[in-house]
Amino acid sequence: MFHKNLKYYRLKKNMSKKELASLIGVTPMAVTYYESGERRPDMTTVKTLAKALGVKAADFLCNRNENLVFAHGEFRKGSRLAAGQQEYIREAVEEYMSRFYSVVDILGGEILPEAPTAHTIMLTGNPEEDAKKMRECLGISASGPVGNLVRLLENRGILVYALDMENDAFSGMNGIVNERPYIIFNKNMSPERIRSTIAHEMAHFMFIWPEYMEEKKVERMATAISGAFLFAEEDAKRELGIRRTRISKDMTLICREYGISMYLLVKRAALCGIVTGSMEKDFYIKAGKAGWKKKEPVWCEAEVPFLFELLVFRAVSENEITVQKGAELLRQSYDYVAGNCFAAEE
């Protein structure tokens, strides 16, 4: 599927059609025709396109799974992401899912757990209660630390994709592929922010949101639910006590236990009446001066999706695909895939 791959690599390069056309000596309309599939360039032009985009000509020829149906989530109004960047994120999801479903089709669709249906939970408007509903939907206890969140979701049939994007304006997005929910997040964020982003996107696709609710209120509610999901009120009061006279360093131990940032912990403590509003405000000022707003210390381990690799390694080990094919699917080296599939020789 040449045209889809061309568009993907152009957007990945953050290049406009006009810029690409200028580099290869054609008109912007010609690039439009190439990306729409209305015209196919000759091999000389293909090689020129590849050089301009810093890829191999063979990268344009990679097959795409044409049986996938996507329903991407919407970007927020007023997003700092340019239209081209938003388009790239959607294209990146489709490119990744095409590779992912290639191995799923080889091994059989039944290898994926049944996923929860999107937009089925009634919203109560109480973040604590809604967070418990979200936990119940995932089959975990109503309180207590949530362990590895990415693995939890993948084991519940929710697909997770970590996008390498050097733009802090993008944190995450959710959507549906072949009636299965997916979450994408920016892998360059801190582990704590990744967990908060995932929980936030979960709230977006799990609940039934009233059509009349303003976007800002939806975002506030989703943020409140995600905070309560990661650090429930009963946990906050048990771990911190009913009242705190100051925000102290020992709280970072709780951040490690629950996989949350100090910003989230303090916000939750304030919402639960454990610390006062003035204490909360004072913390934000001090944290800002310490540079935490841009880069807060990391309290928990990074989480990464593992299901795709697991399936590819299984397919290689069972001789369903070659090591080279596995490397192409994962965008990894031959040695990396072989090393994870076969025992080292004595």
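Visitor: How many aromatic pairs does the structure hold?
Guide: This is a predicted model in which local features need pLDDT of at least 70 and side-chain atom pairs count only at pLDDT 80 or more, whereas totals for chains, interfaces and linings use all residues. Residues are numbered from 1 along each chain as its sequence is written, and side-chain values use heavy atoms, with hydrogens and water left out. Rings of Phe, Tyr and Trp (its six-membered ring) pair if their centres lie within 6.5 Å, planes under 30 degrees apart counting as stacked, over 60 as edge-to-face and the rest as tilted. The number of aromatic pairs held by the structure is 17.

Visitor: Why is the pair of Tyr96 and Tyr161 stacked?
Guide: The ring centres of Tyr96 and Tyr161 are 4.1 Å apart. The pair counts as stacked because the planes of Tyr96 and Tyr161 stand at 15°.

Visitor: Is Trp299 buried or exposed?
Guide: Trp299 forms an edge-to-face pair with Trp292, at 6.1 Å centre to centre and 70° between the planes. Buried means under 20% relative accessible area, exposed over 50% and partly exposed in between (1.4 Å probe, protein chains only). Because its relative accessibility is 12%, Trp299 counts as buried.

Visitor: Over which ring does the charged end of Arg151 sit?
Guide: A charge sits over a ring if NZ of Lys or CZ of Arg is within 6 Å of the ring centre and within 35 degrees of the ring normal. The charged end of Arg151 lies 4.6 Å from the centre of the ring in question, that of Phe306.
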